[in-house]
Amino acid sequence: MKRYGIYALACFTAILLSSELAFSLPIVGVGPDLVIVVLATFAMAEDPKTAAIAGFATGLGRDLLISSPAGLSAFAYSITAYSVALAGTARGVWTYLGLIAGATFASHALFGFGSMLLGQDMSGTPLARVVLVTTGYNSLLAPLLMPLLRKIALAERPGGAE
Amino acid sequence: MWRRTTRHRSVVAAVLVATVVVLTLDFRTGLIDGMGGVVSEIVSVFQAGVRTVVRPIEGAVGGVRGLGSLRQENEELRQENIRLRDQAARFEGVARENAQLRRQMALEDAIGITGGTRARVIAASLSSLERYLEIDRGAADGVEVGTAVLAPEGLVGRISETSARSSRVQLLTDAQSAIGVKIDRNGETGVVTGIGGNRLRLELVDRTALDRGALRVNDILLTSGYQGGVFHSNIPVGVIEEVDPSPRGTTYRITVRPLVRLSRLDIVTVAPKPAVVAATPGPDAQRTR
């Protein structure tokens, strides 16, 4: 239970940091999405069903903070977390980075396409650029966060310590 | 294998159903909006805290960056310089803020805005598909949805949502943003829309005027003030950067650079609606300032 509390706290911190970095250190106007980094790291150590539920709850929290229709982030995060959990624990740094990059790409692409399907005006939004830059930004930050996040993800898991 | 596929399908189906339920609640009821307001309120308190912590670090980083040119000087002078720069970095923020406020007041005086509410930018959008900022003033401070938000250089955007203690500002560059403008030089009108990046597009300009060259690079765009009384007129918006006829020559592609550096905002002013200013020019305006 404590683990889920720590996970929630990590997500909250990720929301604050993502927002701050988007403001003070954007790359071509695009900020990172550290929430998906936290979620994907957590999902790697979980069974797919729990990961999907955690993804949905996390996405719903994000939906409450943005203007897009609520449910889109929940859907994108949930499917992404489920897929990451199916892929299993990343043993090496490169596998971890690959999963984070893939998760970021997939969640943002799903979110973008979902927005389009729901009739959001995306005419002026460079979706491809946002998806690619966010993926790159997350890939840059993920190695720095990896040790801490993996510790959180594996905390209190029976036999979870590496 | 069959069992595993069925399990995957059931999880995906459950996620889809949950998504449809949330979407329906969002579109049909105000429940999600209400919850969003409460969550934004809580998060904005922490965001303001993070901003407060990060701001001096930004100043210090700026100070350290400037040290490169001093490497040739002797150690004693270098140490002295570091100390002075460290000190300067601390005061730099205050001086910059002071200068910004002065310029902001000069702009407000020039376009006849009184009673604006000063606000601090506390965060940017979590989603890069949207362009907005969070400020630390909300409905309790008299901030209203739809009102213009200004920086010393000109228009930043408009208030799109408010909660009690914070508000969301839709930036000029947001893809959903559309602002009525006029060319400062000749009064030709058009609409400036966001295109998601750092530039804007000028549309709906009279074709005849375009053909006779009414628009030039470096022309300044000001708000037209025609938008149902939402914006004051003559607020600087942007400068024309490019006027390109389309390949078929049927239309023009006019690119505009915003005058405000939207990524470097600290303090902004939420202008009252023009009609409010006209109706209550004195005491109310003084109170909200």
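Two strands count as paired if DSSP finds at least two bridges between them; helices (H or I, at least four residues) and strands (E, at least two) are DSSP runs, numbered from the N terminus. The model is predicted: local features need pLDDT of at least 70, side-chain atom pairs count only at pLDDT 80 or more, and totals for chains, interfaces and linings use all residues. Residues are numbered from 1 along each chain as its sequence is written, while chains are lettered from A and ligands numbered from 1 in the order in which they are written.

**Chain B: the barrel**

Select strands S6-S7-S8-S11-S10-S9 of chain B, which form a closed barrel of six strands with antiparallel pairing. From one strand to the next, the twist averages 45°.

Next, select S6(B), residues 178–183, and S9(B), residues 220–223: these antiparallel strands are joined by three bridges. Lys182(B) has Leu222(B) as its bridge partner in S9(B), and Ile183(B) has Leu221(B).

**Chain A: a helix pair**

Move to H3(A), residues 48–63, and H4(A), residues 72–87, whose axes come within 7 Å and cross at roughly 155° (axes are lines fitted to C-alpha atoms, for helices over the stretch in contact, and angles run from 0 to 180 degrees between N-to-C directions). The crossing angle therefore makes H3(A) roughly antiparallel to H4(A), a term for angles over 145 degrees. H3(A) passes H4(A) in a right-handed crossing, that is, the near helix is turned clockwise from the far one by less than a right angle.

How values were computed
Parallel < 35°, antiparallel > 145°, perpendicular 65-115°, else oblique.
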